[in-house]
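Q: Hey, could you walk me through this one? I'd like to hear about contacts before anything else.

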Amino acid sequence: MDDTLPPRTIVAQRFVIESRASSGGMGTVYRATDTLTAQPVALKVMGGSAGAQDGLRFAREARLLAELRHPGIVAHVASGQSED
């Protein structure tokens with residue numbers, strides 16, 4: 001099943017999907033625009049078949065990324081869980 005989000009999909013009432021950038025074991029990464037800042041962002045969405053342990057790992061990754069500050073590492077903007 002292809003659960004790729006189509007362009008112009010709005011996620012969390014904030015991020016507008018532009019295109020799919022990549023996918024892997026934990027989910028899919030999209031090129032998107034943050035409507036609050038008009039800045040381009042990478043939006044990682046966990047796959048629908050992920051289990052509870054995957055969710056914990058995904059949340060841990062977001063927390064760790066939020067602590068990092070380096071010009072060679074993407075900056076953390078936001079994280080959360082959708083109703084879907």
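A: Happy to. Let's begin with Phe-58: leaving out residues up to four places away in sequence, Phe-58 touches Met-26, Lys-44, Val-45 and Met-46. Keep in mind that this is a predicted model.

Q: Which element is Phe-58 found in?
A: Phe-58 sits in helix α1.

Q: And is Phe-58 buried or exposed?
A: Phe-58 is buried, since its relative accessible area is 19% and the cut-off for buried is under 20%.

Q: How far apart are Phe-58 and Ser-79 in space?
A: Their C-alpha atoms are 9.9 Å apart, while 21 residues separate Phe-58 and Ser-79 in sequence.

Q: Switching to pockets. What volume does the largest pocket have?
A: The largest pocket comes out at about 1500 Å³.

Q: Nice. Which residues lie nearest its centre?
A: Those are Lys-44, Val-45, Met-46, Phe-58 and Gly-80, out of 37 residues that line the largest pocket. Phe-58 shows up again here, and its contacts include Lys-44, Val-45 and Met-46.

Q: Which elements each supply at least two residues of that lining?
A: β1 (10-11), β3 (27-34), β4 (39-46) and α1 (52-67) each do. The largest share comes from β4, with seven residues.

Q: How does the lining divide into nonpolar, polar and charged?
A: There are 21 nonpolar residues, 11 polar ones and five charged ones in the lining of the largest pocket.

Q: Let's do the sheet. In what order do the strands come?
A: The order is β1-β2-β3-β4, four strands in an open sheet with antiparallel pairing. β1 and β4 are at the edges and have a single partner strand each, so one side of each has no neighbour in the sheet.

Q: What actually holds strands of a sheet together?
A: In general, strands pair through backbone hydrogen bonds, in a parallel or antiparallel way.

Q: How many bridges do β3 and β4 pair over?
A: β3 and β4 pair over eight bridges, in the antiparallel sense.

Q: Charges next. How many salt bridges does the structure hold?
A: The structure holds two salt bridges. In one of them, Asp-34 pairs with Arg-14, with the closest N and O atoms 2.7 Å apart. That pair links distant parts of the chain, as Asp-34 is in strand β3 and Arg-14 is in the loop between β1 and β2, 20 residues apart.

Q: Are Asp-34 and Arg-14 buried or exposed?
A: Asp-34 is buried at 1% relative accessibility, and Arg-14 is buried with a relative accessible area of 19%.

Q: Who's in the salt bridge with Lys-44?
A: Lys-44 pairs with Glu-61, and the closest N and O atoms are 2.8 Å apart. Lys-44 lies in strand β4 and Glu-61 in helix α1, so this pair ties together parts that are 17 residues apart in sequence. Lys-44 is partly exposed at 33% relative accessibility, and Glu-61 is partly exposed at 36%.

Q: Last one: what is Thr-28 in contact with?
A: Setting aside neighbours within four places in sequence, Thr-28 is in contact with Arg-20, Ser-22, Ser-23, Leu-43, Lys-44 and Val-45. Thr-28 belongs to strand β3 and counts as buried at 12% relative accessibility.

Technical notes. Residues are numbered from 1 along each chain as its sequence is written. This is a predicted model: local features need pLDDT of at least 70, side-chain atom pairs count only at pLDDT 80 or more; totals for chains, interfaces and linings use all residues. Side-chain values use heavy atoms; hydrogens and water are left out. On a 1 Å grid over the protein atoms alone, a cavity is a set of points where a 1.4 Å probe fits but cannot get out, and a pocket is an open set with protein on both sides within 12 Å along at least five of seven lines; lining residues have an atom within 4 Å of a point. Grid points are joined across faces, edges and corners, and a volume is the space filled by probe spheres set on the points. Ala, Val, Leu, Ile, Met, Phe, Trp, Tyr, Cys and Pro count as nonpolar, Asp, Glu, Lys and Arg as charged, and the others, Gly among them, as polar. Two strands pair if DSSP finds at least two bridges between them. Buried means under 20% relative accessible area, exposed over 50%, partly exposed in between (1.4 Å probe, protein chains only). Contact means heavy atoms within 4.5 Å. A salt bridge is a side-chain nitrogen of Lys or Arg within 4 Å of a carboxyl oxygen of Asp or Glu.
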